[in-house]
Amino acid sequence: MESGSSIPGGTAKVAAWLKGEFEKSSLWHTEYIDVGAPGGPCLKVTGGKGEKYRLLLMAHMDTVFPEGTLKERPFRREGDFYYGPGCHDMKGGDIFALHLARWLETKPHLLENHAICFLFNPDEELSSIYSRPVIEELAKKSDYAFVLEPSMEENTLVKGRRGVARFYLDFHGIASHAGSAPEKGASAIHEFIRWGEILLKENKPCEGTNLNIGMVSGGTAANIIADHCSCSVDMRMTDIRKGEHLEELLHDLASRPFDLRVLTTIKGGITRPPYGNPDMEELLAREVTAYFALKGKEIHWKTVGSASDGNFTSALGVPTIDALGPMGGGAHTPGEYGVVHDILPKFEILTELTAYVLGK
Ligand SMILES: [Zn+2]
């Protein structure tokens, strides 16, 4: 099913299919939550006892690929690998969620004292701008959160992610002939270059902060002073204050530009906070590692730079484990793949971890 985030009704097809599958068992209560996303609604599935959720499981239904990609590159399997748009990020996670539900149907005692909630959202690749309030509302009712994003290595889970701040800047100057009337022009590009040098000082990898100016465009010809320039600024940070500082800095620069004739508009902000309290996830990771060690399985942990919906739950104080989906690689590229031989071992980690959390 093709479900690029911006394809109208794309994720709605996935949601309808999942809803039908969950409804095959009377254990599950399903509900659409309309959030205004282009693809379709969120699908919420709950089961078990109680108003609060012992566990919130999150999986997104959207992909980054435009309409028509599926026709060009339909799902296929070759040996130990499978390919197709979104197979790794993260349709595999959606399927894991469904099969986890199937598995829970055979273990009714696990839900005797606890409730569980699955949330499938339609807009994770758009930074969950539509579904964030739903995620946060459910997180506040949950003891633990699992995210079914894919993993890249065997037996490896994610216990931390950095936050993301993203800005789009538009510089508006005054065009003029660069040779005959340079004094009448105000260069949007020159203004941008001066900002750029200041912004790059915020790039501090050793402090866990990376800043990237990933897109720049502007100007019309070599001999014309540019009246327009635009750029994007992406920051990844372990400390939310770095993102807040960047936002202040940008507005400060806009309020007193180098060339007073250049006006700058700023769009964007912090789209995802970093994980809230690294010690909280560290503690859970240690518990989980010890639990699996008793079963003879070694679990590895990672803290990664990319963000997911786990950033929202962790920032609200809910211990969050991510990368519980199947293993693969090449996310967001035509070479995206999943690995067949790791499907069952990884699914076993998910079921055992779920049993552990529900049994605590
Ligand atoms: Zn994803």
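# Guided tour: pockets, domains and sheets

The lining of the largest pocket divides into 9 nonpolar, 9 polar and 10 charged residues. (Ala, Val, Leu, Ile, Met, Phe, Trp, Tyr, Cys and Pro count as nonpolar, Asp, Glu, Lys and Arg as charged, and the others, Gly among them, as polar.) The model is predicted: local features need pLDDT of at least 70 and side-chain atom pairs pLDDT 80 or more, whereas totals for chains, interfaces and linings use all residues. Residues are numbered from 1 along each chain as its sequence is written, and side-chain values use heavy atoms, without hydrogens and water.

**Stop 1: the largest pocket**

Select D89, E149, R161, S306 and A307, which lie nearest the centre of the largest pocket among its 28 lining residues. (On a 1 Å grid over the protein atoms alone, a pocket is an open set of points with protein on both sides within 12 Å along at least five of seven lines, a cavity is a set where a 1.4 Å probe fits but cannot get out, and lining residues have an atom within 4 Å of a point.) The volume of the largest pocket is about 690 Å³, a volume being the space filled by probe spheres set on points joined across faces, edges and corners.

Next, colour α3, β8 (156–161), β9 (163–172), β14 (263–272) and β15 (300–304), the elements that give two or more residues to this lining. (Helices, H or I of at least four residues, and strands, E of at least two, are DSSP runs numbered from the N terminus.) Strand β8 supplies the largest share of the lining, 3 residues.

**Stop 2: the two domains**

Colour the chain by domain: domain 1 comprises 10–162 + 275–359, and domain 2 comprises 163–272. (The bounds come from an automatic or database domain assignment.) The domain centres, taken over C-alpha atoms, are separated by 36 Å. Domain 1 gives 13 residues to the contact and domain 2 gives 11, with contact meaning heavy atoms within 4.5 Å. Returning to the largest pocket, one finds at least three lining residues from each of domain 1 and domain 2.

**Stop 3: the second largest pocket**

Now select F75, C87, K91, G92 and I95, the residues nearest the centre of the second largest pocket, which has 21 lining residues. Its volume is about 580 Å³. Helices α1 (10–22), α3 and α9 (343–359) each give two or more residues to the lining, and the largest share, 7 residues, belongs to α3. This lining divides into 15 nonpolar, 4 polar and 2 charged residues.

**Stop 4: the cavity**

The count comes to 1 cavity of 30 Å³ or more, and about 50 Å³ of space lies in the largest cavity. Show M1, E2, S3, G4, T63, F65, P66, T69, P85 and K91, which line the largest cavity. Of these lining residues, 4 are nonpolar, 4 polar and 2 charged.

**Stop 5: helix α3 and the four-stranded sheet**

Select α3 (residues 87–105), which lies across β5, β17 and β18 and runs at about 50° to β18. (Axes are lines fitted to C-alpha atoms, for helices over the stretch in contact, and angles run from 0 to 180 degrees between N-to-C directions.) The sheet is open and antiparallel, with 4 strands in the order β4-β5-β18-β17. Strands β4 (76–78) and β17 (328–329) stand at the edges with a single partner each, so one side of each lacks a neighbour in the sheet. Strands pair if DSSP finds at least two bridges between them. Strand β5 (residues 81–83) and strand β18 (residues 337–339) pair over 3 bridges, and Y83 has Y337 of β18 as its bridge partner.

**Stop 6: the six-stranded sheet**

Move to the open sheet of 6 strands, ordered β1-β2-β6-β3-β7-β16 with mixed pairing. Its edge strands, β1 (29–33) and β16 (320–321), each pair on one side only. Strand β1 runs antiparallel to β2 (residues 42–48), with 5 bridges joining them; H29 has T46 in β2 as its bridge partner. Helix α1 lies across β1, β2 and β6 (115–121), running at about 165° to β1.

**Stop 7: backbone details**

Most residues other than glycine have a negative phi, and most peptide bonds are trans. Which type of peptide bond joins D89 and M90? The bond is cis, with omega about -10°, and M90 lies in helix α3. Then select N155, not a glycine, whose phi is positive at about 55°; N155 is placed in the loop between β7 (142–147) and β8. Finish at H332, another residue other than glycine, with a positive phi near 70°, in the loop between β17 and β18.
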